[in-house]
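Welcome, and thank you for taking a look at this one with me. Below are a few numbered points to read alongside the model.

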Amino acid sequence: MDCQQAATNGGHHNDGDAAEWKQVAELRVVTEAQDPACKEEDDYMLRRFLRARDHHTGKASAMLLKYLKWKPSAKPHGCISESEVARELSQGKLCLQGHDRQGRPMIYGFGARHHPSNRDLDEFKRFIVHVLDATVARLPPGQEKFAAVADLKGWGYSNCDIRAYLAALEIMQNYYPERLGRVFLIHVPYVFMAAWKIVYPFIDDNTKKKFVFVSDKDLDRTLREAIDDAQLPEMYGGKLKLASPSPAK
């Protein structure tokens with residue numbers, strides 16, 4: 001059982017509708033017939049794959065089979081340890097702290113701390129898996145999604161890394177479906193929009209609406225409406241002290 005699986009609720013179907021759970025059972029039968037490893041995944045996991053493919057059992061099964069093939073190669077020990085992503089962690093580009101008003105764990109990302117000249121793509125992919133698993137482990141009972149703030153203050157062309165953005169997007173969409181609740185993009189410089197136009201077509205239609213650009217004039221109101229003052233980082237006017245490591249020089 002891996003990190004993502006360990007943090008998922010058990011198989012008690014006390015939420016959702018009976019018709020959907022019936023489809024989940026059908027998805028399990030179809031998928032287990034092709035890959036017995038599906039037995040290790042709980043019904044909530046299967047439901048997320050089903051929802052990600054708009055309740056089309058065949059498409060959901062194909063997606064799930066791809067995940068089951070990816071999982072042992074991407075996480076041969078079940079989890080990605082900190083030592084395997086030490087360089088990425090040292091840069092302080094992502095901070096996993098606090099929850100929004102819906103109880104979703106928050107990820108705060110700082111785009112200007114990422115430099116493609118100083119990254120190994122394989123380590124970056126492991127880092128994304130490590131962060132997603134750590135975030136899933138913070139989910140409260142009954143919550144399956146996380147939320148994020150992407151702070152692009154100071155972002156410039158030296159930070160632009162289309163390959164890394166697409167790799168992160170692929171991992172999240174293909175292997176962690178229906179986990180993302182919302183991303184606020186804040187302090188967005190005009191030059192970032194050139195990168196966004198390249199990445200945007202690769203985002204699933206269901207996911208596109210979860211990315212919300214927030215103007216500076218609406219920033220304080222938007223964050224406070226979404227996040228309680230005690231859970232809002234100090235840099236945005238709240239009371240939460242971020243324990244993010246200082247980025248490496």
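1. A word on naming before we start: helices and strands are DSSP runs, numbered from the N terminus, with a helix needing at least four residues and a strand at least two. With that in hand, you can find Thr-222 in helix α10, which covers residues 216-226. Thr-222 counts as buried because its relative accessibility is 13%, and buried means under 20%. Setting aside neighbours within four places in sequence, Thr-222 touches Phe-184 and Val-214.

2. Please keep in mind that this is a predicted model. The average pLDDT for the protein is 92, and 92% of the residues score at least 70. One stretch calls for care: over residues 5-12 the pLDDT stays under 50. For that stretch the model has 18 contacts beyond four places in sequence.

3. Next, the empty space inside. Rolling a probe the size of a water molecule over the atoms shows where such space is left. Here the count comes to 1 cavity of 30 Å³ or more. The volume of the largest cavity is about 790 Å³. Its lining is made up of 32 residues, and those closest to the centre are Leu-94, Ala-150, Tyr-165, Ala-168 and Phe-211.

4. Which elements each supply at least two residues of the lining of the largest cavity? They are the strands β2 (105-110), β3 (146-151) and β4 (180-186), together with the helices α6 (121-136), α7 (162-175) and α8 (192-199). The largest share, 5 residues, comes from β3. By class, the lining has 27 nonpolar residues, alongside 3 polar and 2 charged ones.

5. Helix α7 deserves a visit of its own. It has 14 residues and reaches 20 Å from its first C-alpha to its last, close to the 20 Å expected at 1.5 Å a residue. Buried residues in α7 include Ala-164, Ala-167, Ala-168, Leu-169 and Ile-171. Also buried in α7 are Met-172, Gln-173, Asn-174 and Tyr-175. As you look along it, remember that an α-helix has 3.6 residues a turn, so residues three or four places apart point the same way.

6. Asp-133 is found in helix α6. Is Asp-133 buried or exposed? Asp-133 is buried, because its relative accessible area is 4%, under the 20% cut-off. The C-alpha atoms of Asp-133 and Cys-79 are separated by 7.8 Å, although the two residues are 54 residues apart along the chain.

7. In helix α8 you will find Trp-196. At 11% relative accessibility, Trp-196 counts as buried too. Leaving out neighbours within four places in sequence, Trp-196 is in contact with Leu-185, Ile-203, Phe-211 and Phe-213. Of these, Phe-211 is also one of the residues closest to the centre of the largest cavity. Trp-196 and Glu-82, by contrast, are 30 Å apart in space, C-alpha to C-alpha, and 114 residues apart in sequence.

8. Finally, some backbone angles to check. Most residues other than glycine have a negative phi. Asp-54 is not a glycine, yet it has a positive phi of about 50 degrees. Asp-54 lies in the loop between α3 (43-52) and α4 (57-74), and it is exposed, with a relative accessible area of 57%. Glu-178, likewise not a glycine, has a positive phi of about 60 degrees. You will find Glu-178 in the loop between α7 and β4.

Definitions and conventions:
Residues are numbered from 1 along each chain as its sequence is written. This is a predicted model: local features need pLDDT of at least 70, side-chain atom pairs count only at pLDDT 80 or more; totals for chains, interfaces and linings use all residues. Side-chain values use heavy atoms; hydrogens and water are left out. pLDDT is the predictor's confidence in each residue, from 0 to 100. Contact means heavy atoms within 4.5 Å. On a 1 Å grid over the protein atoms alone, a cavity is a set of points where a 1.4 Å probe fits but cannot get out, and a pocket is an open set with protein on both sides within 12 Å along at least five of seven lines; lining residues have an atom within 4 Å of a point. Grid points are joined across faces, edges and corners, and a volume is the space filled by probe spheres set on the points. Ala, Val, Leu, Ile, Met, Phe, Trp, Tyr, Cys and Pro count as nonpolar, Asp, Glu, Lys and Arg as charged, and the others, Gly among them, as polar. The expected span of a helix is 1.5 Å times one less than its number of residues. Buried means under 20% relative accessible area, exposed over 50%, partly exposed in between (1.4 Å probe, protein chains only).
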